Amino acid sequence: MTSDTRYYEDVDVGDDIGPIERAINHGQVVEFVKAWTNDTKPTRFNDPETAANEGLAGPIVPGVMTMAFISRLLTEWAPGVSLNTLDVVFRQLVLHDVVHTLSGIVTDKGMIEGRSEVQCDVFLADPEGTRLIIGKAILELPSRES
Amino acid sequence: MTTDDEIQYNRSLLGVEHEVGVFEVTKEKILGFAISTGETDPVFVDEEKAKESKYGGLIAPPTFCNIFAGDIKRPDIGLEFGDLGFHAGQAIEYKNPVRPGDTLSAKTKLKEVYPKTGRSGKMVFEVWETSFTNQRGDTAATVRESFVHRSKT
């Protein structure tokens, strides 16, 4: 384990996760969509004109990409953690190049079938504090007793 | 209030598994996913350093299988409700590491269809669950996707 390992025993219910600020920029979304679909055809995700034609304020970040950023919030908080489950609700669209705040809070912890698990609520909010994505995650942290 | 019984759709699809494709995992796809989402952990972005990790090589970030779920062609359930559809939510359960060279077979099933009344009126949720199994027979991940249907007015 490295010096920045976060152990199960060090985590308490109510602990904050983050916050961290991230702007998912247009170039990142273009690269992500390319990895995803293997092509560069214009979509609501990568093309301002297509997004405008669909009545959107601008190109949007794919939901699955926002999940990857929420996953990073958790792995940055506890490097080396195993993310067992991430379950999110997409409440509103996430636009490119806007600085969003990712955060979480520990809601429960316990030993489940020998695994040292921590449950948490996670959020992605816009600059006004509106939660665009909410969710729950289950993490497995290393234990000093194992 | 719309009840379960009032929703018109093809109920014979409930719980029935459909084979919906085989997905090849390449190093390029893993790196494209990891780098575009700003991953810095060497196990996801550095092939050489990943060899020294407990995984013994490059692996995909935990939510990687989501991108394959987005490409799946599902059977039409014939839902007779609403004229707008949205991707309402998604859950991924990570089971085993995904590595370059893996071949993931996907099976999907209609998990549930249920009504709900929100601020924008009546809605119907359509929930699919897809499992990805690698060439060794291990489940890599299970992805649950929820789609909501509602009327424009």
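Biologist: Which charged end sits over the ring of Y8(A)?
Modeller: Bearing in mind that this is a predicted model, it is the charged end of K109(A), which lies 4.2 Å from the centre of that ring.

Biologist: And what sits over the ring of F123(A)?
Modeller: There it is the charged end of R131(A), at 3.6 Å from the ring centre.

Biologist: OK, rings with rings now: how many aromatic pairs are there over all chains?
Modeller: A search of the whole structure gives 7 aromatic pairs. One of them joins Y114(B) and F125(B), which are stacked with 5.2 Å from centre to centre and 5 degrees between the planes.

Biologist: Which parts of chain B does that pair tie together?
Modeller: Y114(B) belongs to strand β3 and F125(B) to strand β4, so the pair links parts that are 11 residues apart in sequence.

Biologist: Is F125(B) buried or exposed?
Modeller: F125(B) is buried, with a relative accessible area of 11%, whereas Y114(B), at 26%, counts as partly exposed.

Biologist: Which residues do ring pairs link into a cluster?
Modeller: The cluster consists of F32(A) together with F23(B), F33(B), F64(B), F68(B) and F132(B).

Biologist: Switching to helices, at what angle do α1 and α3 of chain A pack?
Modeller: They pack at about 110 degrees, with their axes 11 Å apart, and are therefore roughly perpendicular to each other.

Biologist: Which residues make that contact?
Modeller: From α1(A) come Q28(A), V29(A), F32(A) and W36(A), and from α3(A) come V64(A), M65(A) and F69(A); these divide into 6 nonpolar and 1 polar, with no charged residue.

Notes:
Residues numbered from 1 in each chain as written. Chains lettered and ligands numbered in written order. Predicted model: local features only at pLDDT ≥ 70, side-chain atom pairs only at ≥ 80, totals over all residues. Heavy atoms only, no water. Phe/Tyr/Trp six-rings, centres within 6.5 Å; stacked < 30°, edge-to-face > 60°. Helix = DSSP H or I, 4+ residues; strand = E, 2+ residues; numbered from the N terminus. Buried < 20%, exposed > 50% of the residue type's maximum accessible area, 1.4 Å probe, protein only. Lys NZ or Arg CZ within 6 Å of the ring centre and 35° of its normal. Axes fitted to C-alpha atoms, helices over the stretch in contact; angles between N-to-C directions. Parallel < 35°, antiparallel > 145°, perpendicular 65-115°, else oblique. Contact = heavy atoms within 4.5 Å. Nonpolar A, V, L, I, M, F, W, Y, C, P; charged D, E, K, R; others polar.
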